[in-house]
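Open your viewer and get ready to click along.

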Amino acid sequence: MGASQSTSSSPANHGRRYDVFISFRGGDTRDNITSHLYEALCQKKIHSFIDYQLKRGDAISPALRKAIEESRISIVIFSKDYASSKWCLRELAEIIKYKKMNKQIVIPVFYGVDPSHVRKQTGSFEDSFVQHEKEYGGEVKIWREALTEAANLSGWDSSVVRELKQLKAFS
């Protein structure tokens, strides 16, 4: 298991291994927003975990669960096919579990999807859940609740364009 992660260490970690854990659907975002976000975090010396090469299985691996647990913040990049992945949904459920225990900040990013589609599981999210309910039964309820909770958090919507002067404050 060779996960990619930044190598900088941050004094702001306060005993945490990572500053940021990034959750994303690889096919949708790996070669665009996710890679740019990860690179920007590395440039700012923000110690981040991204699971580029973790082996996929039916359950969340102990290594991935530990990375989520040891992160101060999770950034969840919701994209069109995010909910089609049982892996992403299991990861999100784990992230929300740590948020509820007040151990993590969760920041949603809505990349090319309407936040209400995530919140209400409509559009491509609804299509994915029709299939999941046939295969995964009871686990689906947990995934739906995690999606709703995450989508209700304050985050970023890629369809909203901000004026350049507002972005300068983050430089």
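Begin with the aromatic rings: there are five aromatic pairs here, counting rings of Phe, Tyr and Trp (its six-membered ring) whose centres lie within 6.5 Å, with planes under 30 degrees apart called stacked, over 60 edge-to-face and the rest tilted. Select Phe78 and Tyr82: their ring centres are 5.0 Å apart and the planes stand at 70 degrees, so this pair is edge-to-face. Phe78 is buried at 0% relative accessible area, and Tyr82 is also buried at 0% (buried means under 20%, exposed over 50%, partly exposed in between, with a 1.4 Å probe and protein chains only).

A word on the model: it is predicted, so local features need pLDDT of at least 70 and side-chain atom pairs pLDDT 80 or more, while totals for chains, interfaces and linings use all residues. Residues are numbered from 1 along each chain as its sequence is written, and side-chain values use heavy atoms, leaving out hydrogens and water.

Next, select Tyr18, Phe21 and Phe49, which ring pairs link into a cluster.

Which residues touch the most other members of the largest nonpolar core? They are Phe78, Leu92, Val118 and Leu147, in a core of 30 residues; such a core is a set of buried Ala, Val, Leu, Ile, Met, Phe, Trp, Tyr and Cys residues joined through side-chain atoms within 4.5 Å. To finish, colour α3, which gives the most to this core, with eight residues.

Terms used: Helices (H or I, at least four residues) and strands (E, at least two) are DSSP runs, numbered from the N terminus.
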